[in-house]
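Please consult the sequence and the structure shown below.

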Amino acid sequence: MTTKIEDVDNNLPLPSEKMPKCWNEEERISALFSPFRTKSANPQDWVSKYNFWQNLIYEWLKYTKRNSFSIADLNGAFRRKGCTPLCLVTVVEELHRNNEIIPETEFLKEPCESWTAWSIDTFVKKPLVWSFSKVRSYVVNNEINKETRYIHLQIIKEFGDVILSILERKKESILIPFSELVKSCKSCIDKNILDNTIMLILIWLMREKKVVFRSDENQSELLIKIAAHSSDSITEIEEGLYKLIKQENILIKEIELMEEEKVNIISEAKSYVTKGLRQVAKTYLRKKKELESTIEKRAQTLNNIQSLITSIQDTHTNTTVISTYKIGSDVLKKLNSSCLSESNVKDIVDDLSEALEEQKEVQCILSESLKNDDSNVDLEKELAELMELDENILPSVPNTKLNSTIDELQKNLKNLHVEDATVSHVSSKLPKKANNEKISKQYECV
């Protein structure tokens, strides 16, 4: 059963809410501080212990805004009640074997031939040689240099994304000086972040072909640029334009300061006039005129520099447009040479016209009426004969004559009075068939 200690060190490597819960459990933390046993003896316990230190080192680096460390740094950070962890050498070796960290000397090494070759040399060959040398040293004296510094790759990748976003926000500037980037990082990331940390991150971004940088001619400032292409570099034109923009900003600040000084001089002259010291006020007015002359010269210089900057930017834009035109022209020439020649287009148009004519003829044939076997029969003549026959059978009666006949029949029916018995007697004597024929003839007459 584990026992918790109430009074623990105040110098925690992380804020209390970020610390592992087991940090205050004496029995558990003692096991975590002890050296690693053989992995084959208890693999699960070995992996659990390694994961604990792996995560704790990562969180500590992230919180303290570091991307490099040494075993001595870890011993000082994770000291607890005067005791340092005795297992960190094994943890560092395993981190290196898993390519989670690399020695800083290897990280700073210039790429040999290409980035791929540098990666293979750094992440494959060197760890194997390093691991073999460490195994051999354990047999001899079991010592390791605790001052050797290592780069944590996951941390530097995360910080690299943050710094790249800062550079993206400053993209209106062609080149960004390192000093300006440091100020931005201190305000955006952490005020305690070290210049060396930022420099290591820039080196990583350079390895990833995301930024390029170089020192200016006087080696006084490191200039940084976001790489648009993998083969991108800082050109002399870009460096010259950066210097002009820098000089423009300097002149603007100087003119602003001189304008403020001019306002102060006018204020002083007015105060001396108020006091009755007119001669002293005149000396301030002379100083004002000299300052105005200087401001005018600075303004003219500023105007010239701004004109140069505009001309360079316009020329750069025109160069880009001409390059685009050239690409478009080359593409059109390739297309014309492949399938857009005059004879080829004419042949295709002729073939298309011929195909459309054939399609038109097919449509005409399909739209014609189908002819039966009795096509010699004149259907119109037969239809006329049928109509003539109908007229002979049912002669047409004018409407006026038909209406008068109907009125006469209705009048006769009203005047007709027959006894029911007589009607029934007469109808009963008539045969049923004859009766029906008589009725039907009466309807036909009507």
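How many salt bridges does a search of the whole structure find? The search finds 12 salt bridges. The model is a predicted one.

**Salt bridges**
- Lys225 and Glu238 meet through their side chains in a salt bridge, at 2.8 Å from N to O. Lys225 belongs to strand S6 and Glu238 to helix H10 (residues 236-275), so this pair ties together parts 13 residues apart in sequence. Both Lys225 and Glu238 are buried.
- Within helix H10, Glu239 and Lys243 are 4 residues apart, a separation of about one helical turn. Their side chains form a salt bridge at 3.9 Å, N to O. Glu239 is buried at 6% relative accessible area, whereas Lys243 is partly exposed at 35%.
- In helix H11 (residues 278-338), about one helical turn separates Lys288 from Glu292; the closest N and O atoms of their salt bridge are 3.0 Å apart. Lys288 is buried, with a relative accessible area of 15%, and Glu292 is partly exposed at 28%.
- A network of salt bridges links Asp73, Glu104 and Arg149.

**Strand pairing**
- Strand S3 (residues 149-152) runs antiparallel to strand S1 (residues 68-70), joined by 3 bridges. Ser68 stands opposite Ile151 of S3.
- Strand S2 (residues 101-103) is also antiparallel to S3, with 3 bridges. Here Ile102 stands opposite Ile151.

**Helix H8**
- Phe178, Leu181, Val182, Ser184 and Cys185 are the buried residues of helix H8 (residues 178-188). They lie on the same side of H8, because they cover an arc of only 165° around the axis.
- Lys183 and Ser187 are exposed on the other side of H8.
- The cover over the buried residues of H8 includes helices H7 and H9 and strands S4 and S6.

How values were computed
Residues are numbered from 1 along each chain as its sequence is written. This is a predicted model: local features need pLDDT of at least 70, side-chain atom pairs count only at pLDDT 80 or more; totals for chains, interfaces and linings use all residues. Side-chain values use heavy atoms; hydrogens and water are left out. Two strands pair if DSSP finds at least two bridges between them. Helices (H or I, at least four residues) and strands (E, at least two) are DSSP runs, numbered from the N terminus. Buried means under 20% relative accessible area, exposed over 50%, partly exposed in between (1.4 Å probe, protein chains only). The arc is that of the directions from the helix axis to the C-beta atoms. Contact means heavy atoms within 4.5 Å. A salt bridge is a side-chain nitrogen of Lys or Arg within 4 Å of a carboxyl oxygen of Asp or Glu.
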